[in-house]
Amino acid sequence: MTDPTKPAVKTDRRILRSKRALREALLALMAQKPFATISITEIVEQANYNRGTFYANYESKEALLDDVFAELIQELLQSFRAPYEKVAIFRINELQAQSVMIFQHVYANAKVYTTLLQSDVLPVLKQKMFLALKHISREELLYEATDIDPELAAVFSINALLGLLFHWIESGFQHSTAYMQEQLIKLIHYHPRDARTAIKPPK
């Protein structure tokens, strides 16, 4: 008797293959021109598919872009969770540089991030990344009571992290992932009490 699950597996693989080809085609085109000017015809020609295949998977090029974002952000969240997902108590003061996986994620997807950084959809990507990271940081990390507003604390920390990540991307990955891991740990523990000013006081 034929296993009824086999045709579904083949279909799923075919769908996954076509979706990946369409995502890669879109990114290849976005490396050359703004997303707003890209047509579905260009996408399917780049992917070597037809419009029927496109519409079997996506209702619009915006839906395809959302899929690109979703895949990237899912991996981003997995890398963010890496230091704490297997422990009951996440001791931030004991966090080791090698446990921070978010820089590995970004570097592994360097070509994608670089393309999106230079595109007209960058503000959308940044907003989606911010909201996703803020959501899991609020839902999955429960801190001891303090007089600091937890919403503001999350906004502050996530914006700082994303600022560091995008600065690294903009620099063309000037530093190694290991260096960025070490610097992030140092920044987390850096609490200066004062700073010498370089401005001469008025006489």
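**Before you click**

This is a predicted model, so local features are given only at pLDDT of at least 70 and side-chain atom pairs count only at pLDDT 80 or more, while totals for chains, interfaces and linings use all residues. Numbering runs from 1 along each chain as its sequence is written, and side-chain values use heavy atoms, with hydrogens and water left out.

**Stop 1: the whole chain**

Start in cartoon view. You'll find nine helices and zero strands, where helices (H or I, at least four residues) and strands (E, at least two) are DSSP runs numbered from the N terminus. Read along the sequence, that gives α-α-α-α-α-α-α-α-α.

Now turn the model about. The C-alpha trace spans about 80 × 50 × 30 Å along its principal axes. The radius of gyration is 22 Å, whereas a compact globule of 203 residues would sit near 17 Å; the radius is taken over C-alpha atoms, and the globule rule is 2.2 Å times the number of residues to the power 0.38.

Switch to a surface. Its accessible area comes to about 13,700 Å², with 54% belonging to carbon and sulfur atoms (Shrake-Rupley method, 1.4 Å probe; for residues, only the protein chains shown count as cover). Of the 203 residues, 34% count as buried. Buried means under 20% relative accessible area, exposed means over 50%, and partly exposed is in between (1.4 Å probe, protein chains only).

Contacts are worth a look too: among those between residues at least 6 apart in sequence, 68% join residues at least 24 apart. Contact here means heavy atoms within 4.5 Å.

**Stop 2: the core**

Which residues have the most contacts inside the largest nonpolar core? Select Leu-26 and Ile-43: they are the ones, in a core of 55 residues. Such a core is a set of buried Ala, Val, Leu, Ile, Met, Phe, Trp, Tyr and Cys residues joined through side-chain atoms within 4.5 Å. Helix 4 (61–81) is among the helices that each supply at least two residues, and helix 4 gives the most, with nine. Others on that list include helix 1 (5–30), helix 7 (122–140) and helix 8 (150–170).

Stay on Ile-43 and show its surroundings. Leaving aside neighbours within four places in sequence, Ile-43 is in contact with Leu-22, Ala-25, Leu-26, Leu-29, Ile-38, Phe-54, Lys-61 and Leu-64.

**Stop 3**

Select Leu-116, in helix 6. Leu-116 has 0% relative accessibility, so it counts as buried. Beyond four places in sequence, Leu-116 is in contact with Leu-27, Met-30, Phe-69, Leu-72, Val-121, Leu-122 and Leu-125.

Thr-115 is buried because its relative accessibility is 10%. Its contacts, not counting residues up to four places away, are Leu-27, Met-30 and Ala-31.

**Stop 4**

Go to Ala-154 in helix 8. Is Ala-154 buried or exposed? At a relative accessible area of 5%, Ala-154 is buried. Leaving out neighbours within four places, Ala-154 touches Lys-134, Ser-137 and Arg-138.

From there, draw a line to Ala-88, in the loop between helix 4 and helix 5. Ala-88 is exposed, at 81%.

For the other hop, pick Pro-192: from Ala-154 it is 38 residues away in sequence and 21 Å away in space, C-alpha to C-alpha.

**Stop 5**

Most residues other than glycine have a negative phi. What is phi at Asn-48? It is near 65°, a positive value. Asn-48 sits in the loop between helix 2 and helix 3 (51–57) and counts as exposed, at 69% relative accessibility.

Finish at Phe-173, in the loop between helix 8 and helix 9. Its phi is also positive, about 60°, but Phe-173 is buried, with a relative accessible area of 15%.
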